[in-house]
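Please keep the sequence and the structure in view while reading.

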Amino acid sequence: MDDFLSINQRAWDNRTELHLESDFYDMPGFMAGNTSLREIELAELDVRGNSLLHLQCHFGQDTLSWAREGAAAVTGLDLSPKAIAAAEQIAQTLNIEANLGVPVQFVCGNVLDARNLVEGDFDLVYASYGVLCWLPDLTVWANTIASCLKTGGCFYLAEFHPIKSLLDGYDYFHTGKADVEQEGSYTENSRDAENTMVSWSHDLGEVVSALVNAGLVIESLREYDFSPYNCFDNLAEEEPGRFRQRINGKPIPLVFSLKARKA
């Protein structure tokens, strides 16, 4: 497992350098005040006055966007040292804490060790878009989330639907087997910059069951027939910011969102 983590850390270190320069992440727009958040999570999650832990935060755009949305304090955690260093530099340049009065912290480490890496309990734990495939064990993941939440606290996930992975040739159901591949990235400037990456498939039932077994109460589970990102092959932008893939003329589910609460 340490080998898998080291492989993925190196890959995300390399991706960070490319992503910071990409149009996909639009750093100039973000620094000028644009949000990185998309319509799904903005409609479903109210962070005002709440402490938030963002798991697998990359270089912190969403973390800092939630600070701009009124979170009381934000903490981002990611495996990549280069991503965390970039997040800290962005937060310092924007002077989020002084300008918004929102304490900001970024922590480097394995998401499955989050309870040992961050202090205190949180009102909200958040994760989004392309995070589950890097996790070998959702049982440990779900228990980690529960341990980081206050009683009554909420976990929110917006994630790409596993049906898309199935159509792209991966397993739908979790087999425990890792896929080890040479991959480019999803940004327009780095598809040919390949890295070795290790991932796992997780079906929707596995996600829900892991959270329920960790003691969380599912409050909502929604599926969407569009992706807010043009990050896959075979997508068409049928409405502004909504990218769809159709089979026999019918749109497939591309994103699901889930909200669960610690009783």
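In helix 4, the buried residues are Gln61, Asp62, Thr63, Leu64, Ser65, Trp66 and Ala67. The model described here is predicted. Helix 4 is thus mostly covered, with seven of its eight residues buried. The points below treat this helix, the aromatic rings and a pair of packed helices.

**End of helix 4**

**Aromatic pairs**

- A pair of aromatic rings is described by the distance of the centres and the angle of the planes.
- The structure contains 15 aromatic pairs.
- In one of them, the ring centres of tryptophan 66 and tyrosine 126 are 5.4 Å apart and the planes stand at 80°; because angles over 60 degrees count as edge-to-face, this pair is edge-to-face.
- Tryptophan 66 belongs to helix 4 (residues 61–68) and tyrosine 126 to strand 4 (residues 122–128), so the pair ties together parts that are 60 residues apart in sequence.
- Tryptophan 66 has a relative accessibility of 1% and therefore counts as buried.
- Tyrosine 126 is likewise buried, its relative accessible area being 0%.
- The rings of tyrosine 129 and phenylalanine 160 also have their centres 5.4 Å apart, but their planes are at 55°, so this pair is tilted.
- Tyrosine 129 lies in the loop between strand 4 and helix 8, while phenylalanine 160 lies in strand 5 (residues 149–160); the pair links distant parts of the chain, 31 residues apart.
- Tyrosine 129 counts as buried at 12% relative accessibility, and phenylalanine 160 is buried with a relative accessible area of 16%.

**Aromatic cluster**

- Tyr129 and Phe160 also belong to one aromatic cluster, formed together with Phe24, Tyr25, Phe59, Tyr186, Tyr229 and Phe232.

**Packing of helix 8 and helix 10**

- Two packed helices are described by the angle between their axes and the distance between the axes.
- Helix 8 (residues 138–148) packs with helix 10 (residues 204–213) at an angle of about 45°, and their axes are 8 Å apart.
- Helix 8 and helix 10 are therefore oblique to each other.
- Their crossing, that of helix 8 and helix 10, is right-handed.
- On the side of helix 8, the contact involves Leu138, Thr139, Trp141, Ala142 and Ile145; on the side of helix 10, it involves Glu206, Val207, Ala210 and Leu211.
- The residues of this contact comprise seven nonpolar, one polar and one charged.

Notes
Residues numbered from 1 in each chain as written. Predicted model: local features only at pLDDT ≥ 70, side-chain atom pairs only at ≥ 80, totals over all residues. Heavy atoms only, no water. Axes fitted to C-alpha atoms, helices over the stretch in contact; angles between N-to-C directions. Helix = DSSP H or I, 4+ residues; strand = E, 2+ residues; numbered from the N terminus. Parallel < 35°, antiparallel > 145°, perpendicular 65-115°, else oblique. Left-handed = near helix turned anticlockwise from the far one by under 90°. Contact = heavy atoms within 4.5 Å. Nonpolar A, V, L, I, M, F, W, Y, C, P; charged D, E, K, R; others polar. Phe/Tyr/Trp six-rings, centres within 6.5 Å; stacked < 30°, edge-to-face > 60°. Buried < 20%, exposed > 50% of the residue type's maximum accessible area, 1.4 Å probe, protein only.
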